[in-house]
Amino acid sequence: MVAVAVPLGEGRHRLVASCDDAIGAFPMALDIKRVRRQGTFNISVRQAETYSKGRIHLAGDAAHCHSPVGGRGMNLGIADAAELAARVVAGRLTGYSELRHREDKKVIDITEHGRKIVTGQSLKARFEFRALIAAANSLPAVRRKLGQFAVEL
């Protein structure tokens, strides 16, 4: 069971859990004044075999989707679009698909590993998750590296 409260502003939080009842998933009582929206989603992990075919080129969610773990989805789509735009302007579209497919695959593999650590039930997954959190809390270099990954610096 994973339950996370993400602060959105003064007195506002987004509750996310690995079950249908995010509010009930929290181990402590929550003082909730108003629920703005509720919903569920399934994580879909996939990547197009190629991002280019003839005059059609894919970028962002059309090319790939993955777990929100790590917060890389939008950054990855922007990187695809920026690369494609630069190549369109330069008139050299050859290589776009191969480059972005390879780069995006790396991120998809990392986010999938992260998702399995965060949601894993095995002793190994729980140990890895706790070790990662402990390292991020106590080692500035690890915290910095995780931050760089999250914003794709």
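A salt bridge is a side-chain nitrogen of Lys or Arg within 4 Å of a carboxyl oxygen of Asp or Glu. By this rule, 7 salt bridges are counted. The model is predicted, so that local features need pLDDT of at least 70 and side-chain atom pairs count only at pLDDT 80 or more, while totals for chains, interfaces and linings use all residues. Residues are numbered from 1 along each chain as its sequence is written, and side-chain values use heavy atoms, with hydrogens and water left out.

In helix H2 (residues 73-90), Arg87 and Glu83 lie 4 residues apart, about one turn of the helix. Their side chains form a salt bridge (2.5 Å, N to O). Helices are DSSP runs of H or I with at least four residues, and strands are runs of E with at least two. Buried means under 20% relative accessible area, exposed over 50%, and partly exposed in between (1.4 Å probe, protein chains only). Arg87 counts as buried because its relative accessibility is 10%. Glu83, at 21%, is partly exposed.

Helix H3 (residues 96-119) holds Arg100 and Asp104, 4 residues apart. Their salt bridge has its closest N and O atoms 2.8 Å apart. Arg100 is buried at 7%, and Asp104 is buried at 0%. Lys105 and Asp109 also lie 4 residues apart in helix H3. Salt bridges that share partners join Asp80, Arg100 and Asp104 into one network. The side chains of Lys105 and Asp109 meet in a salt bridge of 2.7 Å, N to O.
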